Amino acid sequence: MPFNVLTFIFLLTVDLERASPTDPLLSLALESRLGELREMVAVVGGTVGGPADGAGHQPGHDFATRPGDPAGPEQLGPQKAPLDTESGLDIGWRLVIAALPVDAHRFQVNYGDAMVTSRRAEPEAEAEAEAGPGRWKTPEVLARMVIAYLAGAPVGRDDQQDTAGCLGVLALTLLALQDADERKELDIATALSRLDAERHDRTAAERRRLAADLVSLEPVGRAVERLYRPQQPEGLLLPGQKETEGPIPSQQQPSARTTIAPPDASRQETGSTEDERYINNMSHWDSLVFSGLAFLEFGTTSMVLTVPMPSQRESVVLKLVLLTYTRLPAVSQATAAYYDRYHELAVPREEGGGSPTVKVHASSESWILMGRAPGETLHDVLLREAARSAPAEFGSEGLGDRLRQLWPVARVDLVKRYVPPLLDTLERIYARAAETSAGRAESGAPSTGEEVREQAMQQKFCHADLNPKNIMVAVVPETGSVVTTLIDLGRNFVTGRSVAGSGTGQDLYTAPELPLAHNPDMWCDLYSLGQIIVGACCTGRGPDRSVPDALYTIAPDLARLAEDLIDGDPQRRFVLSLGGTPAPEGGTEGGVENVAPSEEPATGPAGDAHPPPAQDTAPDRAFPPEVRPALVEALAAVDRAERRTGRLVTPSTTGILWRLLSPLSGAPGRLRRSAEREDAGATPGATPSVVRYDGWVAFWSRTSAVMWGACVAVTLLFLLRDCGVPVPLPGAVERAQNSATFMDRVSARLTGFSFACCSVKYYQSIYAGLTTRGHTMRLLTDSRQRARALRSAAVTEFWVRGNAVIVAALVIPVNLLRPHWWTVATALGITSAWAVNRVGYRYAALVVAETARWAPGTRLLSRRAEDVPGLSLYKAWGPSMGSYFGIVWVFAALLEAGVLHDVLAYGCVVSAVNIALFYAYKCSIEAEPVRIALTRCYLAAERLAVPSPPVHPVVARSGDSVKEVVRGAAAGGPA
């Protein structure tokens with residue numbers, strides 16, 4: 001039956017769409033249909049709880065007659081007594097609105113055919129229907145139709161106005177679903193073009209304007225009051241109600257001015273919590289002034305309004321969960337328990353004003369009444385900031401814009417501005433949650449297993465839905481500081497894909513273990529924090545939610561921290577910053593067995609819905625204090641490294657070309673500044689391997705630069721001498737130069753200069769900031785595999801550092817003493833470059849394989865080296881370099897044997913290949929993805945070097961079984 005009513009409404013909307021809102025015939029046409037609509041809704045509401053028909057169907061169960069509807073009207077609460085007309089209409093409207101599909105696919109399956117059938121004359125009708133509710137004009141048209149009718153409705157037609165008001169609530173629900181559908185792929189990390197952002201803003205502004213006009217209408221406010229009124233619990237007797245009667249109809253339930261008798265003794269033992277919640281909800285609900293409703297915002301599964309409440313100095317926020325989602329038990333139960341779980345967390349700040357979260361006044365199955373948070377959402381702030389730095393329209397960039405894609409710009413300034421205040425809020429709300437849980441523990445010990453589990457869940461506080469849309473940002477006018485407020489605490493069951501096909505952009509911030517976690521903890525929030533850091537940089541996202549390559553290019557320390565936070569395995573999350581001590585082989589850490597990650601986690605008895613309470617009662621610790629210093633150190637490293645290179649601002653075209661083609665690529669200066677860490681600035685939470693070896697990599701980068709400078713000076717000086725410029729030389733050097741032919745001398749200068757440039761460019765562009773020192777592979781419990789990995793790491797470190805100095809050993813002695821040896825020196829130089837490529841790729845491939853085996857939760861790498869784009873490119877360098885050094889050796893042998901005589905031509909060809917192929921192409925254009933891939937591999941190796949910290953089990957549900965998900969808790973101790 002709800003399907004028939006909705007089809008009737010949608011067809012009515014299409015028929016009246018062509019009429020002008022100011023046309024008087026529109027109101028007459030709609031008024032003639034409202035009576036019929038009222039009767040249809042009354043039939044839907046009046047059949048709930050009635051006898052079965054001849055076919056055995058329960059009336060009112062047509063709720064799920066269409067494909068894809070997962071639940072029936074029984075989700076909205078049992079109805080036992082015959083209902084009067086008003087109550088039947090309210091329940092009928094609730095069933096109709098709740099029957100709306102929650103995603104575009106089911107919307108098309110259920111109602112797309114009807115929409116297309118009525119509009120076959122319009123060529124775009126079928127395309128609009130296929131696009132789903134986000135592209136249909138139905139919500140806007142229905143909203144305009146209701147607004148036009150109620151604005152000119154005749155006075156005294158209350159039944160018609162009430163029906164139109166309920167129709168307005170339906171239009172608001174459709175607008176909310178449409179808004180969520182259009183924004184589900186909108187990610188702050190991926191900047192829209194300015195034109196796309198303007199179009200999105202115009203569409204969203206028009207939708208909000210319509211919602212604001214609807215909410216301001218008094219009949220719509222009355223409809224909200226009736227349809228969202230708290231439902232009386234079964235068994236609770238109100239004044240004037242007999243035990244044999246059913247619940248009092250919504251229009252006859254007592255107001256706040258009526259004294260509600262407390263539950264009797266039997267109710268106090270079984271349902272006192274639900275009764276007290278209902279009494280509190282009714283007290284607040286009837287104190288609201290619904291004639292003053294105002295629209296505020298659309299949520300993913302809700303619409304947010306403001307409403308005056310006389311007991312408060314300013315309007316409060318009324319978050320209405322869309323009725324189409326309240327049919328999900330998980331959503332309705334979590335919404336009803338919101339007040340009980342979070343009302344104690346709002347405390348004033350000592351300084352700066354505001355509160356880490358808003359005050360909660362009451363909550364029912366379909367709404368939450370709370371205070372209003374100042375400012376706007378972090379999502380809106382970051383989208384606006386990203387659009388400012390985006391091109392006017394993608395696809396229309398000029399040469400400069402395309403070159404700038406090789407020099408990505410990360411908005412690290414946004415991370416500095418908004419993430420530290422967010423950390424402050426998280427630390428304070430976790431501390432407040434610990435205080436309240438301690439107070440509850442002192443008030444009395446729980447007696448039942450269910451109470452034990454509930455208390456444990458309250459002790460282990462977790463926001464569980466930390467994303468930019470649930471973070472309000474405000475600026476204090478006096479100080480200019482940023483204050484953040486957390487809203488919508490608790491798990492978003494729709495974002496967690498409890499509803500098929502309802503994935504949204506907020507899934508990016510949901511920890512992988514959260515949908516199955518029965519008792520989520522702070523490690524889920526750490527994952528969300530890492531994704532927020534990535535999004536705030538506005539550099540896009542990598543495959544499978546990983547950190548994008550652009551962030552590794554600009555701020556590798558910040559990228560390391562983000563990767564550490566978003567590890568898919570909660571046991572390995574944040575391990576680099578937390579550190580760790582090696583556990584004995586096959587031993588334990590913190591009293592918990594250190595098992596190999598390849599083993600399956602322990603599983604409880606099949607079908608056991610609740611494990612023994614003792615496994616889940618250990619309170620979680622406070623928010624990790626290491627997060628703040630780790631973030632501060634990562635941001636400081638960015639400042640030190642990039643303060644002179646301008647990587648945080650958009651460079652000019654000339655600047656980009658210079659960066660690409662300069663031999664040193666600015667690496668020695670960046671690494672030197674990164675190594676300038678004063679003792680007072682050393683942060684205990686920073687990544688141990690990064691801090692420990694910054695001086696090492698900076699030393700070798702400077703050494704490579706010095707070797708290159710010496711080679712260039714020698715080759716250019718001697719080339720000037722060969723061209724006739726007098727240069728005084730020592731006797732032995734003078735005799736060596738005179739004994740060599742002119743062609744040998746010039747060839748030695750050209751090939752030596754080109755090889756020096758290629759060698760330093762190769763090292764500075766790819767390996768300057770990388771080292772295998774500290775890659776102890778302690779996570780590998782297999783001794784043979786660990787020994788193999790350590791041997792490969794040592795060989796790689798030897799060849800990479802050797803590549804920094806071998807150029808001087810080959811170029812300078814040859815040009816000074818043996819110019820005719822240039823052929824052998826060139827072959828040896830190309831061979832050494834090939835060897836670095838060979839051992840470097842093999843070590844990276846080994847790390848990929850071991851990471852897939854021992855740390856499968858990491859998002860740093862694919863499971864195979866061939867699937868890592870930059871690594872596959874680096875592998876392709878091997879055959880080309882191998883072929884080249886083979887050819888060089890052949891020509892060197894032929895020249896030394898006297899078979900070939902055109903020495904200068906051969907020297908010019910080798911120099912041209914070195915500069916064009918290796919220097920300008922491989923080591924300049926292709927170097928960036930290779931370096932990023934190797935950085936990911938080295939970071940994965942750092943994670944393999946840190947053993948698992950002490951763990952405690954956290955219960956998770958998967959189907960009908962219970963699993964123990966092992967998670968890190970550096971200070972939690974054994975379970």
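View 1. Ile887 is partly exposed, because its relative accessible area is 47%. (Buried means under 20% relative accessible area, exposed over 50%, partly exposed in between, with a 1.4 Å probe and protein chains only.) The residue is found in helix H32 (residues 869-897). (Patches take residues with over 30% relative accessible area and no salt bridge; nonpolar side chains, meaning Val, Leu, Ile, Met, Phe, Trp and Tyr, are joined within 5 Å, and like charges within 9 Å.) Accessible areas come from the Shrake-Rupley method with a 1.4 Å probe, and for residues only the protein chains shown count as cover.

This is a predicted model: local features need pLDDT of at least 70, side-chain atom pairs count only at pLDDT 80 or more, and totals for chains, interfaces and linings use all residues. Residues are numbered from 1 along each chain as its sequence is written, and side-chain values use heavy atoms, with hydrogens and water left out.

**View 2. Whole chain, for orientation.** The chain has 34 helices and twelve strands. Of its 975 residues, 55% are buried. Its accessible surface comes to about 40200 Å², and carbon and sulfur atoms hold 57% of that area. Take the contacts between residues at least 6 apart in sequence: 76% of them join residues at least 24 apart. (Contact means heavy atoms within 4.5 Å.) The structure holds 25 salt bridges. (A salt bridge is a side-chain nitrogen of Lys or Arg within 4 Å of a carboxyl oxygen of Asp or Glu.)

**View 3. Salt bridge between Arg226 and Asp90.** The two side chains meet with N to O at 3.1 Å. Arg226 sits in helix H9 (residues 218-227) and Asp90 in helix H3 (residues 85-98), so the bridge links distant parts of the chain, 136 residues apart. Both Arg226 and Asp90 are buried.

View 4. Helix H9 is largely enclosed by the rest of the structure, because seven of its ten residues are buried. These are Pro219, Val220, Gly221, Ala223, Val224, Arg226 and Leu227. Arg222 is partly exposed at 26% relative accessibility. The side chain of Arg222 meets that of Asp162 in a salt bridge, 3.2 Å from N to O. Asp162 belongs to helix H7 (residues 158-183), and the pair, 60 residues apart, links distant parts of the chain. Asp162 counts as buried, at 16% relative accessibility.

View 5. Arg144 forms a salt bridge with Glu206, with the closest N and O atoms 3.0 Å apart. Arg144 lies in helix H6 (residues 138-151) and Glu206 in helix H8 (residues 194-215), 62 residues apart. Arg144 is partly exposed at 33% relative accessibility. Glu206 is also partly exposed, with a relative accessible area of 26%. Arg209 and Asp213 are linked with Arg144 and Glu206 in a network of salt bridges.

**View 6. Positive patch on the surface.** Arg788, Arg791, Arg838 and Arg842 gather here in a patch of positive charge. Helix H30 (783-817) and helix H31 (822-854) each give two or more residues to the patch. (Lys and Arg count as positive and Asp and Glu as negative; His and the chain ends are not counted. The place of a charge is taken as NZ of Lys, CZ of Arg, CG of Asp or CD of Glu.) Arg791 is found in helix H30. Arg791 counts as exposed, at 52% relative accessibility.

**View 7. Positive phi at Ala464.** Ala464 is not a glycine, yet its phi is positive, about 70 degrees. Most residues other than glycine have a negative phi. Ala464 lies in the loop between helix H18 (449-459) and strand E7 (471-475). At 9% relative accessibility, Ala464 is buried.

**View 8. Positive phi at Met777.** Met777, a residue other than glycine, has a positive phi near 55 degrees. The loop between helix H29 (742-767) and H30 holds Met777. Met777 is buried, because its relative accessible area is 0%.

Conventions
Helices (H or I, at least four residues) and strands (E, at least two) are DSSP runs, numbered from the N terminus.
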